Amino acid sequence: MEHNKDRLSINVAKLYYKSDYSQQQIADKLNLSRPTVSRLLQYAKDKGFVQINIADPVENNISLEADLMKKYGLDAVQIAYAPLNTTEEIKKSIGIKAADYLYDTIKDGDIIGVSWGTTLYAVALNLKHKALKGVQIVQLKGGITHSTNNTYAYEVVELFSEAFSTVGRYLPLPVMFDTVEIKNLIEQDTHIKKILDLGRQANVAVFTVGTVKDDALLFRLGYIAPKDKQILQQKAVGDICSRFIDVRGNICNEDLDKRTVGINLAELKQKEKRILVAGSQRKIAAIKATLAGKIANILVTDQYTAQELLK
């Protein structure tokens, strides 16, 4: 008798959960009363024949955030839910998540240093206006280029400034000079020196990482000679504020680093909030290196990237 009830309850459960029959339809089909169908469904759950799992991306992401904080010693992790594991969808999702995080955490008097690129532009596009006093926005690295590839350097500062009702400070220089001597000379200009100093004073830095793949934006801008590119692709895993790093998060080409304009990694590490906004399979190695080097203490990423970082 018990076996017959088990079999009947399983049949009812399959019709209800797998075939999408209503309880009344099941009752009619099996010549049962609707209350009997209801009791059989409950019986199937009680006996463990039916196990209901709910895939809640929010709940799962909270667990991933805690695991990432523990593994990499981070102060905070924000994981966006990306509907597809593609670079563009991930960029959109983490842009929204980072913008929301900034809205919640930026306070009166903060000095926010920003880098540039398509990821930072995605953040900037999603910023909501927040009425604060004394907030300053400053560019952390040079953004002028003669390339047709858009760095979004101007747009990022402009949109951040609008969101926090302030006037942004732009660094009107290329990100890299041909020689160290020219770079050092330009940095002595009073106006340039003030902007660079403000970048060093910033207590919040919002940045991403680049790759060393052939299509990396920094390579497409034309600053780096082919021979230097080949060397970088052998030693580096990515760049932070246009400074190339190895797997441990250390500078891997001192010559290029000395020619680079803007905040250096030692200065970046001193920030109160060092917010890395990055995701996608192509950036995994660069993100890992940044976290290994303790260059970021806050990470905004997506669930796919988070899972890869925990492997």
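Student: At what angle do helix α2 and helix α3 pack, and how far apart are their axes?

Tutor: Helix α2 (residues 23–30) packs against helix α3 (residues 34–46) at about 105 degrees, and their axes are 8 Å apart. That makes α2 roughly perpendicular to α3, a label for angles of 65 to 115 degrees, whereas those under 35 count as roughly parallel, those over 145 as roughly antiparallel and the rest as oblique. Axes are lines fitted to C-alpha atoms, for helices over the stretch in contact, and angles run from 0 to 180 degrees between N-to-C directions. Helices (H or I, at least four residues) and strands (E, at least two) are DSSP runs, numbered from the N terminus.

Student: Which residues make that contact?

Tutor: From α2 they are Q23, Q24, I26 and A27, and from α3 they are R34, V37, S38 and L41. Contact means heavy atoms within 4.5 Å.

Student: Before we move on, what are the ground rules for the model?

Tutor: This is a predicted model, in which local features need pLDDT of at least 70 and side-chain atom pairs count only at pLDDT 80 or more, while totals for chains, interfaces and linings use all residues. Residues are numbered from 1 along each chain as its sequence is written, and side-chain values use heavy atoms, with hydrogens and water left out.

Student: Now the sheets. What is the strand order in the sheet of seven strands?

Tutor: The order is β1-β10-β9-β5-β2-β3-β4, in an open sheet with parallel pairing. Two strands pair if DSSP finds at least two bridges between them. β1 (76–80) and β4 (168–169) stand at the edges with a single partner strand each, so one side of each has no neighbour in the sheet.

Student: Which helix packs on it, and which strands does that helix touch?

Tutor: Helix α9 (residues 190–201) packs on the sheet and touches β2 (111–114), β3 (136–139) and β4. The direction of α9 makes about 115 degrees with that of β3.

Student: And how many bridges join β9 and β10?

Tutor: Strand β9 (residues 273–277) and strand β10 (residues 298–302) pair in the parallel sense over three bridges. V277 stands opposite V300 in β10.

Student: What about the sheet of three strands: parallel or antiparallel?

Tutor: Its pairing is antiparallel, and the order in this open sheet is β6-β7-β8. The edges are β6 (209–210) and β8 (243–245), each with a single partner strand, so one side of each is left without a neighbour in the sheet. β6 pairs with strand β7 (residues 238–240) over two bridges, and G210 stands opposite D239 in β7.

Student: Changing topic, how many disulfides are there?

Tutor: A search of the whole structure finds zero, a disulfide being a pair of cysteine sulfur atoms within 2.5 Å.

Student: Last one: where does T260 lie, and is T260 buried or exposed?

Tutor: T260 lies in the loop between α12 (254–259) and α13 (265–268), and T260 is buried, with a relative accessible area of 1%. Leaving aside neighbours within four places in sequence, T260 is in contact with V175, M176, K183, C241, S242 and R243.

Notes. Buried means under 20% relative accessible area, exposed over 50%, partly exposed in between (1.4 Å probe, protein chains only).
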